Amino acid sequence: AVTGLQSARSATLDASAVPAIRAVDELSSLHTELEQRVAALRDAYNASAGTYAESAARIAAYEVAMGQLARTVNGITGSAQSLPATVRLPSVPRAAAGRAPAVHACTTASGRPC
Amino acid sequence: MGSPLRLTVVGAAEAEAQAAWEAVMTEFEAAERAMSRYRPSSDLCALNRRAGSGEPIPVERRLRIALAAADRAGRVTRGRFDARVLADLERLGRSDAPAVQTSLPAESTAARRRPDRAGSTRWLNVVGRSARIALSERIDLDGIGKGLALRWAWHLVGALLEPGVGALLEAGGDIVACSPSPDAGPWRIAIEDPTVEISTRPDDGAGSSSTALPQPMAVVGLDRGAITTSSTAVNRWVVDGRVVHHLIDPATGEPGGAGLLAVTVSAIDPAWAEVWSKSLFLAGRAGIAAEARRRGLAAWWVATDGSIEMTPAARLVTVWSASDS
């Protein structure tokens with residue numbers, strides 16, 4: 001009778017432990033999922049940190065180029081200030097108004113003077 | 001051909017100028033014997049008489065070059081230049097007598113395109129290396145023949161004159177020249193007004209260094225090269241009550257150049273200036289500007305309303321223009 005009783009108690013204890021066991025399992029899987037998420041976040045963070053570092057390097061390079069550009073602009077400004085106020089352009093032949101000038105020959109279909 | 005010739009030389013000795021003139025006369029006579037359609041004894045007439053027979057005959061050097069040039073001009077202009085328009089001219093009643101002067105030609109009627117001209121077959125058959133040639137159809141080399149004669153004569157003039165001597169050679173309104181002119185600058189060349197009737201112009205065969213003749217459409221400064229004009233001002237006549245002219249559109253067999261009276265082209269070579277003046281004319285007023293600009297040509301054209309237009313390349317060498325006065 002004692003044995004039977006103990007067996008029943010063990011069964012009862014086991015049954016009562018099932019929810020707890022389940023909870024532990026769930027916790028364990030949640031923990032695993034959480035670990036995975038943390039790992040993913042860590043990877044993303046590391047990637048962002050690397051990109052940020054590259055961007056920082058590019059920005060530094062741009063700043064150097066901007067400095068060079070500023071020096072070039074200053075040089076041009078200085079040169080421009082030494083240019084004359086007006087520039088004489090080469091003359092372009094313009095069709096003059098009024099009567100046609102005297103010519104040396106005439107291109108015609110007839111061959112006669114025009 | 002059979003055009004009046006004029007050679008003006010600046011800064012050369014009399015004997016040198018005379019030698020150049022004799023070379024020009026000799027070369028043009030040789031070109032006539034080879035390419036004239038108006039001499040029954042010419043090499044071209046002999047070739048034309050055998051056209052279509054398939055019988056090749058030996059051909060003189062000048063004519064051989066002219067045939068090749070005409071063939072190439074047809075390909076470069078995509079068929080607008082076609083030496084085979086002779087049959088169309090004769091069908092339209094073109095005679096060798098002086099043209100009947102009438103009112104300006106009416107607008108070309110919209111003729112149907114001839115399907116047999118599309119992708120046309122070769123009309124020139126050269127047999128081996130023996131310079132024996134046969135034609136599939138009779139041809140006319142008038143315009144390009146004059147241009148080639150000018151080219152060849154100009155080469156002789158250049159060889160006979162000292163460097164730095166200016167000269168102008170004119171053949172029936174087609175001109176080739178090099179500076180300096182008598183005024184020490186570029187030669188000033190007038191582009192005739194095609195709306196002025198021929199009968200009202202003085203017949204000054206001697207020419208002069210200055211002129212008080214009817215106003216031209218434009219004056220061009222020609223430093224080095226050629227300038228030619230294709231126009232309906234002279235070669236027009238009446239057929240069945242309608243006025244036609246000699247500038248035939250090969251695609252239709254009818255007078256072309258809708259909306260135009262004359263086209264002038266300046267180029268380094270007189271033969272190609274002639275080819276382009278004709279080809280651009282056949283583009284008509286609607287197409288000439290785009291075609292001339294695409295080809296990079298210095299071209300002027302007079303429309304049927306009497307206005308003159310020109311390409312930017314032409315504007316650069318235009319000294320005076322009726323449109324600006």
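Which residues touch the most other members in the largest nonpolar core? They are Leu63(B), Leu67(B), Leu141(B) and Ile144(B), in a core of 45 residues. A nonpolar core is a set of buried Ala, Val, Leu, Ile, Met, Phe, Trp, Tyr and Cys residues joined through side-chain atoms within 4.5 Å. Buried means under 20% relative accessible area, exposed over 50%, and partly exposed in between, with a 1.4 Å probe and protein chains only.

This is a predicted model, where local features need pLDDT of at least 70, side-chain atom pairs count only at pLDDT 80 or more, and totals for chains, interfaces and linings use all residues. Residues are numbered from 1 along each chain as its sequence is written, chains are lettered from A and ligands numbered from 1 in the order in which they are written, and side-chain values use heavy atoms, without hydrogens and water.

**Chain B**

Chain B has eight helices and 17 strands. Helices (H or I, at least four residues) and strands (E, at least two) are DSSP runs, numbered from the N terminus.

| Property of chain B | Value |
|---|---|
| Buried share of the 325 residues | 54% |
| Share of contacts with a separation of 6 or more that join residues 24 or more positions apart | 70% |
| Accessible surface | about 13900 Å² |

A contact means heavy atoms within 4.5 Å. Accessible areas come from the Shrake-Rupley method with a 1.4 Å probe; for residues, only the protein chains shown count as cover. Carbon and sulfur atoms hold 53% of the accessible surface of chain B.

Nonpolar side chains tend to be buried together in soluble globular proteins. Helix α5(B) gives the most, with eight residues. Ile144(B) touches Ala69(B), Ala70(B), Ala73(B), Phe81(B), Glu274(B) and Val275(B), leaving out residues up to four places away in sequence. Another core, of 19 residues, lies apart; among its members are Leu168(B) and Trp300(B).

**Cysteines**

A disulfide is a covalent bond between the sulfur atoms of two cysteines. Here the rule is a pair of cysteine sulfur atoms within 2.5 Å. The count over all chains is zero. Cys178(B) is buried, at 11% relative accessibility. Cys45(B) is also buried, at 11%.

**Chain A**

Leu69(A) sits in helix α1 (residues 2-81) of chain A. Leu69(A) is partly exposed, because its relative accessible area is 48%.
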